[in-house]
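Hi,

Here is the structure I promised to pass on. Have a look at it first, and then read my notes below.

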Amino acid sequence: MTALDFDRSHIWHPYASIGNPPPVRLVKSARGTELTLADGRTLTDAVSSWWCVAHGHNPPAIVEAIRRQSERLSHVMFGGFTHEPAIELAQALTRITPPALDRVFFADSGSIAVEVAAKMAVQYQNALGFPAKGRLLAMKGGYHGDTCCAMALSDPDGMHTLFRPIMPRHHFADPLDFASVVEAVETHADEIGAVICEPVFQAANAMRFYDPELLRRLRALCDEKGLLLIFDEIAAGFHRTGPLWAGEWAGVTPDIMCVGKALTGGHLTLAATIASSRVADTISAGRPGAFMHGPTYMANPLACAAGIASLRLFAESDYAAMVARIERVLSTGLLPCRDMPNVKEVRVKGAVGIVEVGRMPARLDIERVIDEHGVWLRPFCNFIYTMPPLISGVDTIERICAAIRDLASCEPGPLPADPDFHE
Ligand SMILES: Cc1ncc(COP(=O)(O)O)c(C=O)c1O
């Protein structure tokens, strides 16, 4: 049995079956924007390995930081101990988050950071004497992760409907229709304690952008009604849409912010939930006098060291300018797709380029385009998209656009066997 045969029959991949899995490619190494496969071919990583490899793969500064940290301290429980990497990373993070946000909880993934934010909202409202306000208002078309609470805050009609029996119930509104937000908040005023959204860019579900004005209105509404505002910046943060934080499009500071993905430049799993002192102090003043979450690998020193090195890289170069350049090349390269018969819309903002098609081309066409262009794409639902490493040069982005144009011009594939399923 070859290694790939074993993989096919024994190892689950994301959103995949064992028994009839989609093809996987054996990767041996990576550098910059390029992945090198076991057979020697290279593929440009046009999705930044699910949007986290902002500085490209294996930049020496991050590799070296992890190596040096591993020689001193790879892990120690965070209960009863602290360490320099956690302190230094929290200091660096709170220097770049909006000034009001300076209380840091380190989580082990984006989904967990969202769970932590939701738990903070519950404890906050409890401490204020509103134990019934344990539900959140979330956005249709949103995505916040694959764990139970994060699924329950994601689009209610999206990919997680199967899991309704184990998901807590929340309320939803449409970010394109502020009246629906007000209506939901007023109808369920006695139950809702917080509002959560992905600022400006709804990524893994709707793959769409919305008017930053919604964030200003949400801020005013939350202030008026005593609700916490939570921004999930896990996909949009770290310059993905242009500014460091997507909330900057509206000049709005939330009460709690979740960051992840590019935090370590895509090198180790780490996320953070960052709250205001008002939220933290209120939680501390309520029962049981502590914030009740504490995972085994909380603030793992290796991940924190990678995070420090990643934030240093963000500080050393003008990422906003790099993203503006990517945006220009993506616009020029993808807008011609608008004239293709199977294309519904082309959307570009920052280092995000999306071609929405009427129906996804067949799997064989997707594989052909990846192999022929040497560009790794991971289309899903009706979205052919790129979110390339932010260090990508003009030539790289042009090659990615050529691959997307080729794929978007293919015939529509068969209807999906199960419309609720996507990878
Ligand atoms: C906005 C947003 N929140 C949360 C998550 C979950 O992050 P993770 O996959 O690290 O759990 C994602 C992942 O795509 C995301 O896009």
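A word on what I call a patch: it is built from residues with over 30% relative accessible area and no salt bridge, and nonpolar side chains are joined within 5 Å. Please keep in mind that this is a predicted model.

With that in hand, the surface has a nonpolar patch of about 330 Å², made by M1, F6 and I11. I11 sits in the loop between α1 (3-10) and β1 (27-31). Its relative accessibility is 37%, so I11 counts as partly exposed.

Now the overall picture. The protein has 13 helices and 16 strands. Its radius of gyration is 21 Å, close to the 22 Å that the globule rule gives for 423 residues, so the protein is as compact as a globular protein of that length. Along the principal axes, the C-alpha atoms fill a box of roughly 60 × 55 × 45 Å. Of the 423 residues, 55% count as buried. If you look at contacts with a separation of 6 or more, 72% of them come from residues 24 or more positions apart. The accessible surface is about 18300 Å², and carbon and sulfur atoms own 56% of that.

Next, the charged pairs. Side chains of opposite charge can pair when their charged atoms come close. How many salt bridges does a search of the whole structure find? The search gives 26.

- E64 and R68 pair through their side chains, at 3.5 Å from N to O. Both are in helix α3 (residues 60-72), four residues apart, which is about one turn of the helix. E64 is partly exposed at 29% relative accessibility, and R68 is partly exposed too, with a relative accessible area of 40%.
- D39 and R41 form a salt bridge between their side chains, 3.0 Å from N to O. R41 has a relative accessible area of 37%, so it is partly exposed.
- D255 bridges to R278, with the closest N and O atoms 3.0 Å apart. D255 lies in the loop between β10 (228-232) and β11 (256-259) while R278 is in helix α9, so the pair ties together parts that are 23 residues apart in sequence. Is D255 buried or exposed? D255 counts as buried, at 5% relative accessibility, whereas R278 counts as partly exposed at 41%.

There is also a network: salt bridges with shared partners join R25, D39, R41, R363, E367 and D371.

Then there are some backbone details. The peptide bond from R287 to P288 is cis, with omega near -5°, and P288 is in the loop between α9 (277-285) and α10 (301-316). S48 is not a glycine, yet its phi is positive, near 45°. S48 belongs to helix α2 (residues 48-51), and with 0% relative accessibility it counts as buried. C381, also not a glycine, has a positive phi of about 45°. C381 is in the loop between β15 (375-376) and β16 (383-386), and counts as partly exposed at 34% relative accessibility.

Last, helix α13 (residues 394-408). Its 15 residues reach 21 Å from the first C-alpha to the last, close to the 21 Å expected at 1.5 Å a residue. Which residues of α13 are buried? They are T396, I397, I400, C401, A403, I404, D406, L407 and A408.

Cheers

Terms used:
Residues are numbered from 1 along each chain as its sequence is written. This is a predicted model: local features need pLDDT of at least 70, side-chain atom pairs count only at pLDDT 80 or more; totals for chains, interfaces and linings use all residues. Side-chain values use heavy atoms; hydrogens and water are left out. Patches are made of residues with over 30% relative accessible area and no salt bridge: like charges are joined within 9 Å, nonpolar side chains (Val, Leu, Ile, Met, Phe, Trp, Tyr) within 5 Å. Accessible areas come from the Shrake-Rupley method with a 1.4 Å probe; for residues, only the protein chains shown count as cover. A salt bridge is a side-chain nitrogen of Lys or Arg within 4 Å of a carboxyl oxygen of Asp or Glu. Helices (H or I, at least four residues) and strands (E, at least two) are DSSP runs, numbered from the N terminus. Buried means under 20% relative accessible area, exposed over 50%, partly exposed in between (1.4 Å probe, protein chains only). The expected span of a helix is 1.5 Å times one less than its number of residues. The radius of gyration is taken over C-alpha atoms; the globule rule is 2.2 Å times the number of residues to the power 0.38. Contact means heavy atoms within 4.5 Å.
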